[in-house]
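This briefing concerns pockets, a ligand shell and domains. Please look at the sequence and the structure before reading on.

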Amino acid sequence: MKYIPFFGCMMTTKYPWFEAAVRKTTAVIGMELVDIEGFTCCPDPIYFQAYDKIDWYTIAARNIALAEAVGHDIITTCSGCTATLSEVNLTLKKDMELKDKVNKRLKKIGMKYNGTINVRHAVTVVRDDIGFDRVAETVTRPLNHLKVGVHYGCHLLKPSHVMNVDDPDHPTILDRFIEATGAKPIHHEKTLLCCGRACMTDSISSNMVVDILESIKANNADCMGLICPTCFDEFDTGQIILGRKLKRNFSVPVIYSFQLLGLAQGMTLEEVGLNMHKVKFDKILEAVPA
Amino acid sequence: MSVENIQKINFEFREKLNSVAEGFRHNFCYQCGACVGDCPANNYSGTFNPRIILLKALLGMEKDLISPDSEIWNCTNCYTCWERCPQDVRPIDVIIALKNLCQRLGQAPDIIHKISNSVMESGITTTVTSATVRRREQYNLPPVRDYAVDEIKKIIGSK
Ligand code: SF4
Ligand code: SF4
């Protein structure tokens, strides 16, 4: 099946090795990614949406319309892009008045949003279109000894009536993704807590990050597994900065879901970019024989 | 409390808020507080409270809500309150509407302008650095394409 990938600003510019992991692993499970020209920022669901919601809808609709013209669904690989593109797509499909408003603006550049495709996070597409059984069949090096502390992040799941991905209070999608790689998903007290990134007061978000990291450690997970480059930024680089500030060593390596799949499909640590992470990943190494 | 000190409703503010996208939703709030218990910004700050924000919106307490230091900027955008609200108020959407109003009235914090300007001027929120170019080559990824800045400029800001 063919999909149009939307990698977003953060992954494209700062964490390209996640993009590499997505491209390589999705090819193995039978997803064909078709790159198209002209995408911009989704735009950002926090700051840009706070700037002007109608501008936010419009730029998002332009991105979706580009994919509609080619005729394949979009897959997103970042929770932020999912929040914007999925929410805008699902809202515009239902709200005709808003759709007309947005289309009036798009007309100025000769474009039109029609609502003919879906936008879903790549892990949702893997579950719904490919199936985790098929994913498990592509695993040549099951990560049997790796315990992954699950971090869902907010925007894959919520608002649940818009996103329609999973039960926002008892989700299983990421657990099953991790299980397909042979690794063991570990739920912990703060599995569903937000990374706090959008909060303006640093102390509030850093306390959230500390609690999440501690909760993962207390449950003896070897690392943290997630689906969003922004959450990753908050927990990898953020962990180092916080550690220095608080004079503490958390040592919770963070892994992006498709890196995990890449390792399980036999890719090297370098191929999926794990060597680029700030927090050392010795425990992941132990679980993944050379 | 003397009668003079009783909070009077500022209807003008309500009208201003009603004019922003989703800004009408606060009118459905019946102050039950279901949005508070699982709000992480509430749990971690002890002061941020979506019910109180909604109450202030209903009363029209513009000074408290519309400023770059307003408590609304502590919302983490987690959408949990949307899940919990029995009235479909979507407190997060009211908070976003308040943020939009701040922006219109020149009361948004600098970061909002910094990031939105970046999208409008370069098409993205981050920057393409020499490391970006080098690493994309290293991982055999397609080069970064042009971001359609001209088109963005044409479709935003019009009423
Ligand atoms: S849950 Fe809804 S109705 Fe209840 S206080 Fe919060 S916004 Fe108002
Ligand atoms: S989105 Fe709602 S629940 Fe989440 S921090 Fe903001 S007000 Fe609280």
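Which helix supplies the largest share of the lining of the largest pocket? That share, five residues, comes from helix 13 of chain A. The model is a predicted one, in which local features need pLDDT of at least 70, side-chain atom pairs count only at pLDDT 80 or more, and totals for chains, interfaces and linings use all residues. Residues are numbered from 1 along each chain as its sequence is written, chains are lettered from A and ligands numbered from 1 in the order in which they are written, and side-chain values use heavy atoms, with hydrogens and water left out.

**The largest pocket**

- The largest pocket holds about 1200 Å³ of space; a pocket is an open set of points, on a 1 Å grid over the protein atoms alone, where a 1.4 Å probe fits, with protein on both sides within 12 Å along at least five of seven lines.
- Its lining (residues with an atom within 4 Å of a point) has 46 residues, and Y47(A), R197(A), T230(A), D233(A) and E234(A) are the closest to the centre.
- Among the elements supplying at least two lining residues each are helix 11 (202–218) of chain A and helix 7 (110–122) of chain B; helices are DSSP runs (H or I, at least four residues) numbered from the N terminus.
- By class, this lining has 23 nonpolar, 15 polar and eight charged residues; Asp, Glu, Lys and Arg count as charged, Ala, Val, Leu, Ile, Met, Phe, Trp, Tyr, Cys and Pro as nonpolar, and the others, Gly among them, as polar.

**The second largest pocket**

- The volume of the second largest pocket is about 900 Å³, a volume being the space filled by probe spheres set on the grid points, which are joined across faces, edges and corners.
- Of its 36 lining residues, Y57(A), D95(A), L98(A), A21(B) and E22(B) are the closest to the centre.
- The lining of the second largest pocket comprises 17 charged, 11 nonpolar and eight polar residues.

**Ligand 2**

- There are 14 residues around ligand 2 (a heavy atom within 4 Å), and C39(B), C75(B), T76(B), C78(B) and C81(B) come nearest.
- Helix 2 (40–45), helix 5 and helix 6 of chain B give two or more residues each to this shell.
- The shell around ligand 2 contains 11 nonpolar, three polar and no charged residues.

**Domains of chain A**

- An automatic or database domain assignment gives domain 1 (2–122) and domain 2 (140–287) of chain A.
- The centres of these two domains, taken over C-alpha atoms, are 24 Å apart.
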